[in-house]
Amino acid sequence: DAALLRAMQGRATALAGEFNSQSVANTVSALATMGVTLDERLLRAMQGRATALAWEFTPQDVAHTMWALATMGVTPDERLLRAMQGRATALAGEFNPQDVANTVWAHACFGIQCGKGEHVLFNIFATRLLEIASTLDVEEERQVHQWLLTFDLEPTWKLPFPVRVNAVKHELGERCRQSFVIDSNPSKLQVSLSLSLSLSLSLS
């Protein structure tokens with residue numbers, strides 16, 4: 001119930017300084033899965049702890065943290081975003097299909113500008129996507145489609161266009177689009193993202 005949830009978040013906030021990287025990722029991921037948005041104090045504590053421990057994060061930790069924040073409608077602060085991007089760039093070759101899909105999808109949801117850091121990460125992740133293309137499942141293809149869609153619709157993502165992303169669009173774009181279109185039960189967040197991007201296009 002609400003009282004228990006408040007107590008749990010309060011306890012997590014109090015103990016945040018003792019969390020390791022997996023604890024941070026698991027906590028935010030579990031709450032996001034439950035449909036819970038972190039209260040301000042816990043969000044600040046988790047972001048601070050994740051930033052401090054970024055060098056310990058595994059690919060799964062990075063992906064879970066980014067996915068959870070996006071699912072809760074939270075854009076990470078600048079320090080955490082850069083820390084997670086740096087860690088993802090360093091470990092990109094170890095990311096599995098779900099890790100890649102969750103991470104690029106989260107970036108599409110954050111509503112951030114596509115700057116130099118994003119271009120570097122997206123090119124590296126695009127290369128990784130091409131390497132693991134045959135192992136992507138339908139849900140992962142849907143997430144990749146939404147990421148690719150953002151390049152077409154968000155002005156700051158359009159130019160200069162990351163070269164390897166173009167290769168992903170060419171080789172996987174239609175396949176990922178079809179997976180998204182045939183989804184008979186899209187999540188609320190998928191629908192929200194698609195509507196937001198369509199609105200952005202209509203206003204540009």
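Mentor: Happy to! Start with helix α3, which gives the lining of the largest cavity its largest share, four residues. This is a predicted model, where local features need pLDDT of at least 70 and side-chain atom pairs count only at pLDDT 80 or more, while totals for chains, interfaces and linings use all residues. Residues are numbered from 1 along each chain as its sequence is written, and side-chain values use heavy atoms, with hydrogens and water left out.

Helix α3 covers 40-52, and together with α2 (21-33) and α4 (59-71) it belongs to the helices that each supply at least two lining residues. Helices here are DSSP runs of H or I with at least four residues, strands are runs of E with at least two, and both are numbered from the N terminus.

Eight of the lining residues are nonpolar, two are polar and none is charged. In that grouping, Ala, Val, Leu, Ile, Met, Phe, Trp, Tyr, Cys and Pro are nonpolar, Asp, Glu, Lys and Arg are charged, and the others, Gly among them, are polar.

The space inside comes to about 40 Å³. Searching the whole structure turns up one cavity of 30 Å³ or more. A cavity is a set of points, on a 1 Å grid over the protein atoms alone, where a 1.4 Å probe fits but cannot get out, and lining residues have an atom within 4 Å of a point. Points are joined across faces, edges and corners, and the volume is the space filled by probe spheres set on them.

Stepping back, the protein has eleven helices and zero strands. Of its 204 residues, 49% count as buried, meaning under 20% relative accessible area, with exposed being over 50% and partly exposed in between (1.4 Å probe, protein chains only). For contrast, look at V163 in helix α10 (residues 163-181): V163 is exposed because its relative accessible area is 64%.

How far can you trust the picture? The average pLDDT, the predictor's confidence in each residue from 0 to 100, is 88 for the protein, and 88% of the residues score at least 70. Over residues 198-204, though, the pLDDT is below 50. Where pLDDT is low, the predicted coordinates should not be read in detail.

Definitions and conventions
Contact = heavy atoms within 4.5 Å. 1 Å grid on protein atoms, 1.4 Å probe; cavity = no way out; pocket = protein on both sides within 12 Å on 5 of 7 lines; lining within 4 Å.
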